[in-house]
Amino acid sequence: MLILEVLLKLKSKQGDITAVFGHAVVEEGKNMYMAMPHGFRKQGKGLKLKKTLYGLCQSPRAFWLYLTEKMNLYGMEQSTVDPCLFIGAKVMCICYVDDLIFWTLDESDINELANQLISAGVSLEQESDAAGCWNVWA
């Protein structure tokens, strides 16, 4: 993608999703419980989770489903060749865990998509361009 960015004169931006696993809700019909934290213990009581947490084996999958749903909501279709690649009418995006890298001809298209994702509840922080993400300098 970095080569395509140079050859096609694409603009790029990197985004980072904060508290990545705190976004996804626990799947309906799947109950998850955890022990109460020290200082809040009551005999025989636990906490039923509404959202996923770091350290749960279900959290990465639940976040991926959450992110895919949000991307599809704004016209970003998941590639059949690479599931980490989302392609829209004007923007392409690659997702790696909680990092998103966007490419387009017009940077305002990236900003528009980012604002839509933020308004949908995705805690997205804008960072540098794609070269900065991979520590590539001119």
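**First stop: Thr104**

Select Thr104 and Lys90: a polar atom of the Thr104 side chain sits 2.6 Å from the backbone oxygen of Lys90. Keep in mind as you go that this is a predicted model. Thr104 belongs to strand β7, and it counts as buried because its relative accessibility is 2%. Now show what surrounds it. Leaving aside residues up to four places away in sequence, Thr104 touches Leu10, Lys11, Lys90, Val91, Asp109 and Ile110.

**Next: the salt bridge**

Which residue forms a salt bridge with Lys13? Pick Glu107: the closest N and O atoms of the two are 3.2 Å apart. Lys13 is in strand β1 and Glu107 in helix α3, so this pair ties together parts that are 94 residues apart in sequence. Side chains of opposite charge can pair when their charged atoms come close. Color the two by accessibility: Lys13 is buried, with a relative accessible area of 16%, whereas Glu107 is partly exposed at 31%.

**Then: helix α2**

Select 59-73, which is α2. Its 15 residues should span 21 Å at 1.5 Å a residue, and the end C-alpha atoms are 21 Å apart, so the two agree. Which residues of α2 are buried? Highlight Ser59, Ala62, Phe63, Trp64, Tyr66, Leu67, Thr68, Lys70 and Met71. The buried residues of the helix pack against β1, β4 (77-78), β5 (85-87), β6, β7 and α3. Past the helix, click on Gly75, which follows α2 and has a positive phi, near 80°.

**Aromatic rings**

Show the rings of Phe, Tyr and Trp; the count comes to 4 aromatic pairs. One of them is Phe21 with Tyr54, an edge-to-face pair at 4.9 Å centre to centre with 65° between the planes. This pair links distant parts of the chain, 33 residues apart: Phe21 is in the loop between β1 (11-17) and β2 (33-35), and Tyr54 is in the loop between β3 (46-48) and α2. Buried or exposed, what is Phe21? Phe21 is buried at 14% relative accessible area, while Tyr54 is exposed at 55%. Move on to Phe63 and Tyr66, whose ring centres are 6.2 Å apart with planes at 35°, so that pair is tilted. Both lie in helix α2, 3 residues apart, about one turn of the helix, and both are buried. Select Phe21, Tyr54, Phe63 and Tyr66 together and you have one aromatic cluster.

**Last stop: the core**

The largest nonpolar core has 23 residues, and Leu67, Cys93, Leu100, Phe102 and Leu124 are the ones that touch the most other members. Color the elements that give two or more residues to this core: α2, β6 (92-96), β7 (99-104) and α3 (107-119). Where does the largest share come from? Back to α2, which gives 6 residues. Not counting residues up to four places away in sequence, Cys93 touches Met71, Met76, Cys84, Leu85, Phe86, Leu100, Ile101 and Phe102.

Notes: Residues numbered from 1 in each chain as written. Predicted model: local features only at pLDDT ≥ 70, side-chain atom pairs only at ≥ 80, totals over all residues. Heavy atoms only, no water. Core = buried A, V, L, I, M, F, W, Y, C linked by side-chain atoms within 4.5 Å. Buried < 20%, exposed > 50% of the residue type's maximum accessible area, 1.4 Å probe, protein only. Helix = DSSP H or I, 4+ residues; strand = E, 2+ residues; numbered from the N terminus. Contact = heavy atoms within 4.5 Å. Polar contact = N/O pair within 3.5 Å; in protein donor to acceptor, adjacent residues only side chain to side chain. Phe/Tyr/Trp six-rings, centres within 6.5 Å; stacked < 30°, edge-to-face > 60°. Salt bridge = Lys/Arg side-chain N within 4 Å of Asp/Glu carboxyl O. Expected span 1.5 Å × (residues − 1).
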